[in-house]
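Here is a short briefing for a first look. Please keep the sequence and the 3D view open while reading.

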Amino acid sequence: MKQHIDTAPVWESYREDCECPLCLLQARVEASNVDYFLGESVMEPSQRVEVNKKGFCAAHFKMMYDAGNRLGLALMTHTYMKETISALQGNAEKARAAAAAEAGKPIFKRLGGSKGVGLSEAAQEVKGITQTCLMCERIRENVERYMYTVLYMYKHELEFPALFAQSKGMCLEHYAQALEMAPKHLSGDTLKKFVDTLTDIEMKNLERMSGELEWFTNKFDYRNQDKPWGNSRDAVKRCVNKLGHQVILED
Ligand SMILES: [Zn+2]
Ligand SMILES: [Zn+2]
């Protein structure tokens, strides 16, 4: 992977007290993408083409809706919608033809798995339209670059391994990504040390969080109601985020 390496945001997120520094970076990328797609990209023809081709997933449409710039969202959604309508013309014809063919079949030919195959294909095409998201794609690329930066820093920045060892591990999604990417960019003792440290802090912190979640449930026992919350007050949110797949619950 040869590209510009921007270590500053990674240093910054590793210096913050959080359960997954990569999620922190991801949330920042996501927020700047929401701004971008509601603002600058509206006027940018090449971006419009990309948006029209891929659209957005439910979560990212909601984020843009909640951001409040309804005109920006309307302009972008309008061209995306027009493009979608034209993509669906052929599909609608295919569905009508499939239904006519199916309706004309004698009953004994409509048994088993081949029943409604043509319509099912048309349905798959419609689903395909709803399953791509330009923002998810962008975020994935950015987070992958940040993960690469973490590995790069682990190898090249003298003070980073110590800071990494004090961190609280990662959410399971980013933990898996780190394990997968590590052998591609690290080798020998550095690889071993990275994975040893990562698995160590991951397991230790999952145990800690599990304890915090347990104390959260125990606080509902009237005998504990006057005891301090400790770190458990927001344990549900932190644990769900730690275990979740791109679930970012805010307060
Ligand atoms: Zn994460
Ligand atoms: Zn998305």
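What is the geometry of the site of the zinc ion (ligand 2), with its 4 donor atoms? The site is tetrahedral, with angles of 103 to 114° among the donor atoms. Four donors count as tetrahedral if all angles lie between 85 and 135 degrees. The ideal angle for four tetrahedral donors is 109.5 degrees.

This is a predicted model, in which local features need pLDDT of at least 70, side-chain atom pairs count only at pLDDT 80 or more, and totals for chains, interfaces and linings use all residues. Residues are numbered from 1 along each chain as its sequence is written, chains are lettered from A and ligands numbered from 1 in the order in which they are written, and side-chain values use heavy atoms, with hydrogens and water left out.

**Zinc site**
- Cys57 (SG), His60 (ND1), Cys133 (SG) and Cys136 (SG) coordinate the zinc ion (ligand 2) at 2.0 to 2.3 Å.
- Donors are N, O and S atoms within 2.8 Å of the metal (3.2 Å for Na, K and Ca); water is not among the atoms, so sites may look incomplete.
- The spacing of the donor residues in sequence is C-x2-H-x72-C-x2-C.
- Histidine 60 in helix α4 (residues 58–66) and cysteine 136 in helix α7 (residues 134–156) link distant parts of the chain, 76 residues apart.
- Helices are DSSP runs (H or I, at least four residues), numbered from the N terminus.
- Histidine 60 and cysteine 136 are both buried, which means under 20% relative accessible area (1.4 Å probe, protein chains only).

**Cysteines**
- The structure holds 0 disulfides, a disulfide being a pair of cysteine sulfur atoms within 2.5 Å.
- Cysteine 18 has its closest cysteine sulfur in cysteine 20, but 6.7 Å is too far for a bond.
- Cysteine 18 is buried, at 14% relative accessible area.

**Phenylalanine 160**
- Phenylalanine 160 lies in helix α8 (residues 160–166).
- Its relative accessible area is 0%, so phenylalanine 160 is buried.
- Leaving out residues up to four places away in sequence, phenylalanine 160 touches Val10, Trp11, Tyr14, Val150, Met153 and Tyr154.
- Contact means heavy atoms within 4.5 Å.

**Two domains**
- The domain assignment, automatic or from a database, gives domain 1 (9–135) and domain 2 (141–243).
- Their centres, taken over C-alpha atoms, are 32 Å apart.
- In domain 1, 15 residues are in contact with 22 residues of domain 2.

Technical notes. Tetrahedral: all angles 85-135°; square planar, octahedral: opposite > 155°, others 65-115°. Helix = DSSP H or I, 4+ residues; strand = E, 2+ residues; numbered from the N terminus. Buried < 20%, exposed > 50% of the residue type's maximum accessible area, 1.4 Å probe, protein only.
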